[in-house]
Amino acid sequence: YYQIISISKEKPPLPVQLNTRMNVAKSAYRVFSANSSAACTELAKKITERLGVELGKSVVFQESNRETRVDVKESVRGQTIFIIQTIPRDVNTAIMELLVMAYALKTSCAKNIIGVIPYFPYSKQCKMRKRGSIVCKLLASMLAKAGLTHIITMDLHQKEIQGFFSFPVDNLRASPFLIQYIQEEIPDYRNAIIVAKSPAAAKRAQSYAERLRLGLAVIHGEAQCSESDMADGRHSPPCVRNTTGHTGLELPCKQQAPFPGIELPIMMAKEKPPITVVGDVGGRIAIIVDDIIDDVGDFVAAAEILKERGAYKIYIMATHGLLSADAPRLIEESAIDEVVVTNTVPHEVQKLQCPKIKTVDVSMILAEAIRRIHNGESMAYLFRNITVDD
């Protein structure tokens, strides 16, 4: 008899292999606030509460010589960092705080540095005027140099500003929140009419009117930014060179009559037309919409005109409530019934001075934008039902 014995061949144990990848899952992210004042960190706290994360540990302060110092109190190596920076009245200090913090995170080996700047400063200086400069383009270059790789902002003064940046820019809209406020907080809003305080704001007003199914009115003839052309050389005559008959030497150029035979076309001076309201506002609620309310002189003048035309209530809707100088007092003494702005800019002091100022919270959309960018999700959902002109 033969006995068959099967011998199992066991495989030798494999050598232990170390996982060379540090993070298999998506890298972590942190949210920091670059503001040195407590009033400006309120929006950052609301955003982090909605995200369910803690605000990053950092110290931002001004030294005795007014230099900005930033100390990051935790490791950010290999992480995606979101810097929330709201712009107070001291704009230049806020910009330096953002630049210094971004550079500190860059030198600390952060993977991505994304700036959340709800109100982008210097956005009104985005066009060349006379011998000025496009400061908005300069600021975009400074942010890129400091280390930012992405920006989340809201209602840029001009959408073309996005072309100044060498990295992606997400320009969110506050109009859904303001429209919701109109529908829920303004009684009988169906009897309202959307008003553009100047022809330049007509496209934005039309976008609101179409979504609310309301009429549209435009104030024409309002004084725009006044530019004095008298002292900038535009009215000086062309240069004339007087030459001597014998030596042929040319004398210095003198501002005299133009060359013989040259006739420049006559430039007609701009004349401001009388203020008129295109559209019927009689017996209706007038809702003026704009992106920024800073110097309220134009809004107060528009409210007086609308009152004269028969509007019985006047609301102002704006995304960024800068409300500089004597704006609260002027609003309180004017025919304006209510001013509604978002919390992209801190304005708690102005609200104490003028009870007509109301606030709409937009931290929800900013938190959702941060979540989607971190997870690599599409941002299209945040722009649904948003028109090109909004």
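Me: What does contact mean here?
Reply: Helices are DSSP runs of H or I with at least four residues, strands are runs of E with at least two, and both are numbered from the N terminus. Contact between parts means heavy atoms within 4.5 Å.

Me: At about what angle does helix H2 run to S4?
Reply: This is a predicted model, where local features need pLDDT of at least 70, side-chain atom pairs count only at pLDDT 80 or more, and totals for chains, interfaces and linings use all residues. Residues are numbered from 1 along each chain as its sequence is written, and side-chain values use heavy atoms, with hydrogens and water left out. Axes are lines fitted to C-alpha atoms, for helices over the stretch in contact, and angles run from 0 to 180 degrees between N-to-C directions. H2 (residues 91-107) lies across S1, S4 and strand S5 (112-117), and its angle to S4 is about 170°.

Me: What is the strand order of the open sheet?
Reply: Two strands pair if DSSP finds at least two bridges between them. The pairing in this five-strand sheet is parallel, and the order is S1-S4-S5-S6-S7.

Me: Which strands stand at the edges?
Reply: Each edge strand has a single partner, so one side is left without a neighbour in the sheet. These strands are S1 (29-33) and S7 (169-172).

Me: Which residue in S7 is the bridge partner of Met154?
Reply: S6 (residues 150-154) and S7 pair in the parallel sense over four bridges. In S7, the partner of Met154 is Leu172.
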